[in-house]
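Biologist: I'm new to this one. Can you show me what we have and walk me through the terms?

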Amino acid sequence: MESHPLGQPPLTTPADALALAFWVAVALVPWTGPFGQSPPQSLRLVSPGSNRELPLEPGPISTQGPLGTTRIQVYEDGSVAFEDSPCPHQRCVAAGSIRSSSQALACLPNRVYLELLGGPVASDLDGVTQ
Amino acid sequence: MIPRSRKVTQLGLLMAYAVVLQALEAPLPRILPWAKPGLANSATLIALVLFGARPAGFLVFGRSLLAGLLLGSLFSPGWWLGLSGALASWVAMSFALKTSSRFGMVGLSLHGAAASNLVQLGLAAHFMVGSAKLWGIFPWMMATALPAGILVGGISSLARDYLVAITTRNTS
């Protein structure tokens, strides 16, 4: 390492490589885990004639479609799954559970769609204008 | 100790250098929306190593105000974001210089570039977009910010030596 004649920091030092390594590691943090994805706090449930945003509270949810009643279960760990559906192939039930924001499940024959949302449940008002 | 008149001259030159770089950089086409070299940050770094944290902070405010006036962006959301990034960079570089004398100009500049991007993205995610999902682009931002930080560190080292040389030639 060559020192600067005026006692100033030189162009580069071995510590600069550490600085670079540190910031590269920090830069990769959003890719290493769920960081960057806000945890789901609510779910959107869409069925014929209904589009609801519900808080993510453990328990069963039922909704009606053209084939009958679809039952959805919210589990204690925040995951959500189709528990039962009147559709012929039961693919929605076989799809299992979802737990991350923006993940979605659908039962197309019974026209039921649900997705997990990251933000808090919206109020009844979409907006206010004058 | 640096004579006061020389210090004022050097700070004035640095201010002009920073404003010109910031104004020239603004209309340049960008490969990616956030990718900006941040050349004006080299003036902050030079002021920091030559005069200390306080004059460098003064330079950050001064060049942000002047560039904002010149570009017509003063007090716009983008201007506040830019000022926040510049201040974050100043704080990070000052802290790195104060706590360790081991960093070179490139290392200090890397801290500044990374802190600037970190704070700007944090503010944009919180206040403008309202979603933490924006953090997903942070690795991509850093992929351009860190090489830019190395470049700015190199330019700062050259510009500092040149500034000192031209302002001491006839007085020492």
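Biologist: What makes up the secondary structure of chain A?

Modeller: Chain A has 2 helices and 8 strands, where helices (H or I, at least four residues) and strands (E, at least two) are DSSP runs numbered from the N terminus. Their order from the N terminus is α-β-β-β-β-β-α-β-β-β. Mind you, this is a predicted model: local features need pLDDT of at least 70, side-chain atom pairs need 80 or more, and totals for chains, interfaces and linings use all residues. Residues are numbered from 1 along each chain, chains are lettered from A in the order written, and side-chain values use heavy atoms, without hydrogens and water.

Biologist: How do you know which residues take part in the contact between chain B and chain A?

Modeller: Contact means heavy atoms within 4.5 Å, and the contact takes 31 residues from chain B and 22 residues from chain A.

Biologist: What makes the area between chain B and chain A "buried"?

Modeller: Buried area is the accessible area (1.4 Å probe) that two parts lose on being put together, summed over both. Here that is about 2100 Å², with carbon and sulfur atoms giving 70%.

Biologist: Which elements of chain B give two or more residues to the side that touches chain A?

Modeller: They are α2 (41-51), α5 (105-129) and α6 (138-168) of chain B. The largest share, 12 residues, comes from α6(B).

Biologist: How many salt bridges does the rule find across the interface of chain B and chain A?

Modeller: The rule wants a side-chain nitrogen of Lys or Arg within 4 Å of a carboxyl oxygen of Asp or Glu, and it finds 0 between chain B and chain A.
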